[in-house]
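The sequence and structure come before the details.

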Amino acid sequence: MDLQETLQRMNSGKLYYCSNEELAALQLACLEKLYDYNRTRPSEQDKRAAMLREMFAGIGENCYIEPPLHANWGGKNVTFGSSVYANFNLTLVDDGEIRVGDCVMFGPNVTVATAAHPAHPGLREKQAQYNLPVTIGRNAWIGAGALILPGVTIGENTIIGAGSVVTRDIPANVVAVGNPCRVLREIGDRDREYYYRDWKIDIE
């Protein structure tokens with residue numbers, strides 16, 4: 001299987017072998033850029049922003065990703081909207097496409113995975129792989145330590161609780177928690193008045 005066919009299969013959900021030498025060379029170049037990003041100084045915000053524009057498939061304005069960032073392809077298959085915030089140790093298994101809307105927040109140690117392997121042991125021994133895209137809607141909040149698995153879509157404004165394992169789609173405007181992650185409740189009128197238990201919102 002040549003490089004072009006391998007790249008096409010990577011983005012189609014079809015099985016391919018990730019041991020392709022030309023593919024590994026492309027990936028290595030992306031990882032070199034990621035290495036440099038993770039060694040920037042906190043004061044080098046403009047440099048970081050410029051590097052992310054080069055590394056990612058697309059990234060909007062006012063995005064902040066706290067190093068270290070981990071990504072199989074250094075963000076090459078990742079599109080972020082504007083004003084996305086990611087705390088340290090965001091892991092993007094970006095062999096497939098990851099699409100993130102505006103104003104999304106990631107807590108520390110979140111993993112977003114697109115890559116998977118077949119159950120058949122003979123295929124796994126040959127390093128067979130397939131990728132399924134992940135989509136995270138506008139203004140979602142992904143809590144610390146959450147794990148989002150391949151093929152999942154998370155709706156806008158939704159909160160994923162810390163430590164959750166998201167194995168299937170989660171709708172918009174809900175709080176969802178657990179392993180496997182399930183909807184706990186809708187975000188409603190009470191959330192306009194209280195921000196934590198019985199603590200009232202006192203700012204506009």
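A crossing is called left-handed if the near helix is turned anticlockwise from the far one by less than a right angle, and right-handed if clockwise. The model is a predicted one: local features need pLDDT of at least 70 and side-chain atom pairs count only at pLDDT 80 or more, while totals for chains, interfaces and linings use all residues. Residues are numbered from 1 along each chain as its sequence is written, and side-chain values use heavy atoms, with hydrogens and water left out.

**Helix packing**

Helices (H or I, at least four residues) and strands (E, at least two) are DSSP runs numbered from the N terminus. Axes are lines fitted to C-alpha atoms, for helices over the stretch in contact, and angles run from 0 to 180 degrees between N-to-C directions. Angles under 35 degrees count as roughly parallel, over 145 as roughly antiparallel, 65 to 115 as roughly perpendicular and the rest as oblique.

Helix H1 (residues 3-10) packs on H2 at an angle of about 65°, and their axes are 9 Å apart. The two helices, H1 and H2, are therefore roughly perpendicular to each other. The crossing of H1 past H2 is right-handed. On the H1 side the contact (heavy atoms within 4.5 Å) is made by Leu3, Thr6, Leu7 and Met10, and on the H2 side by Glu22, Leu23 and Leu26. By class, the contact of H1 with H2 has five nonpolar residues, one polar and one charged. Here Ala, Val, Leu, Ile, Met, Phe, Trp, Tyr, Cys and Pro count as nonpolar, Asp, Glu, Lys and Arg as charged, and the others, Gly among them, as polar.

H2 (residues 21-37) also meets H3: their axes come within 10 Å and cross at roughly 165°. That angle makes H2 roughly antiparallel to H3. H2 passes H3 in a left-handed crossing. Lys33, Leu34, Asp36 and Tyr37 of H2 make the contact with Arg48, Met51, Leu52, Glu54 and Met55 of H3. Five nonpolar and four charged residues form the contact of H2 with H3, with no polar residue.

**Pockets**

On a 1 Å grid over the protein atoms alone, a pocket is an open set of points where a 1.4 Å probe fits, with protein on both sides within 12 Å along at least five of seven lines; lining residues have an atom within 4 Å of a point. Grid points are joined across faces, edges and corners, and a volume is the space filled by probe spheres set on the points.

| Pocket | Volume | Element giving the most to the lining |
|---|---|---|
| Largest | about 350 Å³ | S21, three residues |

The lining of the largest pocket includes Ile159, Val175, Arg185, Tyr194, Tyr195 and Tyr196. Helix H5 (190-193) and strand S21 (194-196) are the elements that give two or more residues to this lining. By class, the lining of the largest pocket has seven nonpolar and four charged residues, and no polar ones.

The second largest pocket is lined by 14 residues, of which Gln45, Ala49, Arg53, Asn62 and Cys63 lie nearest its centre. Helix H3 (45-55) and strand S3 (64-65) each supply at least two residues of that lining. Its residues divide into seven nonpolar, three polar and four charged.

**Backbone geometry**

A cis peptide bond, with omega about 0°, joins Pro67 and Pro68. Pro68 is in the loop between S3 and strand S4 (69-71). The bond from Asn179 to Pro180 is also cis, with omega near 0°. Pro180 sits in the loop between strand S19 (174-177) and strand S20 (182-186). Ser83, a residue other than glycine, has a positive phi near 60°. The loop between strand S5 (78-80) and strand S6 (85-86) holds Ser83.
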